[in-house]
Amino acid sequence: NKSGLEVLANALSRAGIELLSTGGTARVLRGAGFHAKDVSDETGFPEIMDGRVKTLHPSIHGAILAKRTSLDHMKALNEQKIKPIDLIVVNLYPFEQIVDTSPSHETAIENIDIGGPAMIRAAAKNHDFITVVTSPEQYPLLIKELSIHSGTSLAFRRKLAIQAFAKISSYDYAITKWMASN
């Protein structure tokens with residue numbers, strides 16, 4: 001879902017936040033004039049298997065899961081040359097909308113997001129340090145928070161983490177329900 005992406009990218013760029021993205025979204029951002037680094041450039045590993053594997057990499061998950069207050073975690077990031085990630089924005093593959101159109105089994109399966117939920121769970125788990133945004137409807141809230149705090153408050157991160165876990169729970173339930181009926 002690319003709705004609101006340019007407004008969000010503009011606000012993030014104004015806040016001095018570096019944009020890191022998967023291929024398709026990075027191309028959209030660059031086409032709109034933003035500097036966006038590809039995840040594959042950060043990991044040193046290309047997207048493979050028709051895009052099935054792109055963010056499932058220690059350079060991404062380590063960057064999200066590192067406790068900023070742990071000397072051991074920060075040392076591990078440094079030793080592996082991993083830059084911490086403080087904010088993730090993930091719009092999951094539209095599984096529920098796809099299965100509502102009675103697609104082929106293969107099409108439905110290909111619209112089950114794997115990397116997105118993994119990143120969302122990791123960021124929500126580490127919400128003491130990471131902000132996790134899971135919907136374009138949250139963009140205005142994030143933009144407002146950034147303008148107030150020059151970052152995000154723990155209360156805000158916790159609120160979004162709760163919403164993130166609820167979203168993943170609902171997403172997993174939709175997949176389970178579809179698979180049980182097909």
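Leaving aside neighbours within four places in sequence, which residues is Ile64 in contact with? The legends below begin with that question and then turn to other parts of this predicted model.

**Figure 1. Contacts of Ile64 in the predicted model.** Ile64 is in contact with Ile85, Ile88, Met119, Ala122, Ala123, Asn126 and Ile130, once its neighbours within four places in sequence are set aside. Ile64 is one of the buried residues of helix H4. Ile64 also belongs to the largest nonpolar core, which is the subject of the next view.

Figure 2. H10 gives the most, with seven residues. Another core lies apart from this one; it has 15 residues, including Leu29, Phe34, Leu142 and Leu146.

**Figure 3. The buried residues of helix H4 and their packing partners.** Ser59, Ile60, His61, Ala63 and Ile64 are buried in H4. An α-helix has 3.6 residues a turn, so residues three or four places apart point the same way. The elements against which the buried residues of H4 pack are strand S1 (19-21), helix H3 (39-43), helix H5 (71-79), strand S3 (87-89) and H8.

**Figure 4. His61 within helix H4.** His61 is part of helix H4, which covers residues 58-65. The relative accessible area of His61 is 16%, so this residue is buried. With neighbours within four places in sequence left aside, the contacts of His61 are Thr55, Leu56, Ala118, Met119 and Ala122. Met119 and Ala122 are also among the contacts of Ile64.

**Figure 5. The aromatic pair of Phe95 and Tyr171.** The model contains two aromatic pairs. In the pair of Phe95 and Tyr171, the ring centres are 6.4 Å apart and the planes stand at 70°, so the arrangement is edge-to-face. This pair links distant parts of the chain, with Phe95 in helix H6 and Tyr171 in helix H10, 76 residues apart. Phe95 counts as buried because its relative accessibility is 1%. Tyr171 is likewise buried, with a relative accessible area of 5%.

Figure 6. A pair of aromatic rings is described by the distance of the centres and the angle of the planes. For Phe95 and Trp178, these values are 5.8 Å centre to centre and 85° between the planes, and the pair is edge-to-face. The two residues are 83 residues apart, Phe95 being in helix H6 and Trp178 in helix H10, and the pair links distant parts of the chain. Both Phe95 and Trp178 are buried. Through ring pairs, Phe95, Tyr171 and Trp178 are linked into a cluster.

**Figure 7. Glu96 in helix H6.** Glu96 is located in helix H6. At 37% relative accessibility, Glu96 counts as partly exposed, whereas Phe95 counts as buried. Glu96 and Leu141 are 45 residues apart along the chain, and their C-alpha atoms are separated by 25 Å.

**Figure 8. The surroundings of the buried residue Asp113.** Asp113 is found in the loop between helix H7 (105-110) and H8. Although Asp113 is buried, it has no salt bridge, and the nearest side chain of opposite charge, that of Lys54, is 7.4 Å away. The side chain of Asp113 does reach the backbone nitrogen of Tyr93, at 3.1 Å. Not counting residues up to four places away in sequence, Asp113 touches Asn91, Leu92, Tyr93 and Tyr171. Tyr171 also takes part in the ring cluster with Phe95 and Trp178.

Figure 9. Most residues other than glycine have a negative phi, and most peptide bonds are trans. In Lys81, phi is near 60°, a positive value in a residue other than glycine. Lys81 is placed in the loop between H5 and S3 and counts as exposed, at 75% relative accessibility. In Ser102, phi is near 55°, again a positive value in a residue other than glycine. Ser102 is placed in the loop between H6 and H7 and is exposed, with a relative accessible area of 65%.

Methods. Residues numbered from 1 in each chain as written. Predicted model: local features only at pLDDT ≥ 70, side-chain atom pairs only at ≥ 80, totals over all residues. Heavy atoms only, no water. Helix = DSSP H or I, 4+ residues; strand = E, 2+ residues; numbered from the N terminus. Buried < 20%, exposed > 50% of the residue type's maximum accessible area, 1.4 Å probe, protein only. Contact = heavy atoms within 4.5 Å. Core = buried A, V, L, I, M, F, W, Y, C linked by side-chain atoms within 4.5 Å. Phe/Tyr/Trp six-rings, centres within 6.5 Å; stacked < 30°, edge-to-face > 60°. Lys, Arg positive; Asp, Glu negative; His and termini not counted. Salt bridge = Lys/Arg side-chain N within 4 Å of Asp/Glu carboxyl O. Polar contact = N/O pair within 3.5 Å; in protein donor to acceptor, adjacent residues only side chain to side chain.
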